Amino acid sequence: MSKKVVLLPGDGIGAEVVREAEKIIAHLSDHYGIGIETETHLVGGASLDAHDIPVKDEVVEACKSADAVLLGAVGGPKWDDYPSDKRPEKALLRLRKDLGLFNNLRPVTVFSSLKDASPLRPEVVDGVDLLVVRELTGGLYFGEPKEITEVNGEETGVDTMRYSVTEIERITRAAFDAARKRRGKVTSVDKANILATSQLWRKTVTRIAAEYPDVELEHMLVDNCAMQLIRNPSGFDVILTENMFGDILSDEAAMLTGSIGMLPSASLGDGTGMYEPVHGSAPDIAGKDIANPLATLASVALMFRFSLGHEKAASDIEEAISAVLNAGYNCKDMSRHARHVLSTSEMGDKILSVIIEKQ
Ligand code: NAI
Ligand code: MG
């Protein structure tokens, strides 16, 4: 049985970190006989330079017919002044939409050896291991009308927050399924004291929760959640929330670790899943072989787990990352917390050698 993985390195450090991912994918594919075929395509600024379009139709089609997509990052100063339909991030929006990626998963793990890297006190963040499940295709970012119009002779902006029961049900199931494989707790975050969408959200989540008697459910208002993430972050297991709340809370949660170069993400739908580091293309460090590839390698672990059906390969990568960090290795961005500072390619090689050692 063979699997197809599309690699979209994109711009800046995207190509550097995806190159390290390729080494790991190739090894695990051989070792476990998974038969992964990879193909690489241009996306973002790289595609704009070559084809004058953020992503070509044939690339979108290649992604649709693949088992998984691994994306580096897109964007950079070179394309900042391009018109809105010719901006690198349009490629991401198109892929999310065309692949129907409604379920965005962002795990946030504070490694014990790196608890000093957080802006919060080490004892507050020690042991943090949470997962933000963000609804990605509904809510305020997509609801119509969405426009700037004239009301009573004055310019007025309008966005519409909209959610159907079906949209809420499917992301709720995704969160409860994830919680079952973790510590069995879901915190559903809304603003049910004010918003109609949140009242429907709360009612629907409560109904679906009855199908999961083994998972504990708590409801939390979003403003309180923003506080609790700072006050007692290890109290969370799975945070389930709508699109905009999830956008904001996942960035807040990411900062608990103090290490943007180490955070992975997965976006899932009914078909192909897409995996990418949380960070961007980091033009300030591109081409220097100092970018931290761990976010991308952790994203590859998620890819093996959720799209390639290979939990063992996923845990091989995650255990290797833990072991390498605990042994005091890290990249330049985390050099204050490392005894040995590795380049991008050295880190990829180190993770690979630890995976091989343990197999
Ligand atoms: P960024 O995440 O690219 O960089 C922020 C800071 O973190 C920089 O100082 C960078 O050097 C550092 N950094 C990021 N990733 C790192 C890594 N793996 N290792 C070591 N250091 C790392 O965010 P920024 O600077 O706001 O955006 C730069 C470009 O990336 C922009 O064009 C932006 O639009 C794009 N971007 C793309 C994203 C994507 O493709 N999903 C997400 C966020 C930004
Ligand atoms: Mg964001």
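Aspartate 223 sits in helix 8, which covers residues 222-231; helices here are DSSP runs of H or I with at least four residues, strands are E runs of at least two, and both are numbered from the N terminus. This is a predicted model, in which local features need pLDDT of at least 70 and side-chain atom pairs count only at pLDDT 80 or more, while totals for chains, interfaces and linings use all residues. Residues are numbered from 1 along each chain as its sequence is written, and chains are lettered from A and ligands numbered from 1 in the order in which they are written.

Is aspartate 223 buried or exposed? Aspartate 223 is exposed, because 12 other C-beta atoms lie within 10 Å. The cut-offs are these: a residue is buried with 20 or more other C-beta atoms within 10 Å of its own, exposed with 12 or fewer, and partly exposed in between, with C-beta atoms placed from the backbone.

## How confident is the predictor?

The protein has an average pLDDT of 96, and 100% of the residues score at least 70. pLDDT is the predictor's confidence in each residue, on a scale from 0 to 100. For the complex, the predictor gives an ipTM of 0.98 and a pTM of 0.94.

## Binding-site records

An unreviewed UniProt entry places the feature "binding site" at Arg96, Arg106, Arg134 and Asp223. These positions do not all gather at one spot, because they span 128 residues in sequence and the farthest two C-alpha atoms are 27.6 Å apart. UniProt also lists Asp223, Asp247 and Asp251 for "binding site", again from an unreviewed entry. UniProt positions follow the numbering used here, feature names are shortened, and annotations may be inferred rather than shown by experiment.

Let's look at some of these residues in turn. Arginine 96 belongs to helix 4 and is partly exposed, with 17 other C-beta atoms within 10 Å. Leaving aside residues up to four places away in sequence, arginine 96 touches Leu101, Leu136 and Ser267; contact means that the two C-beta atoms, placed from the backbone, lie within 7 Å. Arginine 134 is in strand 5 (residues 129-135) and is buried, with 27 other C-beta atoms within 10 Å. Aspartate 251 is part of helix 9 (residues 243-254) and counts as partly exposed, with 14 C-beta neighbours inside 10 Å.

## Around ligand 1

Which residues are closest to ligand 1? They are Gly75, Gly261, His279, Gly280 and Asn292, out of 21 residues that surround the ligand. A residue is near a molecule or strand if its C-beta atom, placed from the backbone, lies within 6 Å of it.

By class, the shell around ligand 1 has 10 nonpolar, 7 polar and 4 charged residues. Ala, Val, Leu, Ile, Met, Phe, Trp, Tyr, Cys and Pro count as nonpolar, Asp, Glu, Lys and Arg as charged, and the others, Gly among them, as polar.

## Two domains

The domain assignment gives domain 1 (1-102 + 263-359) and domain 2 (129-255); such bounds come from an automatic or database domain assignment. Taken over C-alpha atoms, the domain centres are 26 Å apart. Contacts between them involve 6 residues of domain 1 and 6 residues of domain 2. The side of domain 1 that touches domain 2 has 4 nonpolar, 1 polar and 1 charged residues.

## Backbone details to check

Most residues other than glycine have a negative phi, and most peptide bonds are trans. Aspartate 52 is not a glycine, yet has a positive phi of about 65°. Aspartate 52 lies in the loop between helix 2 (45-51) and helix 3 (57-64) and is exposed, with 9 other C-beta atoms within 10 Å. Aspartate 289 also has a positive phi, about 60°, and is found in the loop between strand 12 (273-277) and helix 10 (294-306). Aspartate 289 is partly exposed, with 16 other C-beta atoms within 10 Å.

A cis peptide bond, with omega about 0°, joins glutamate 144 and proline 145. Proline 145 is placed in strand 6 (residues 143-151).
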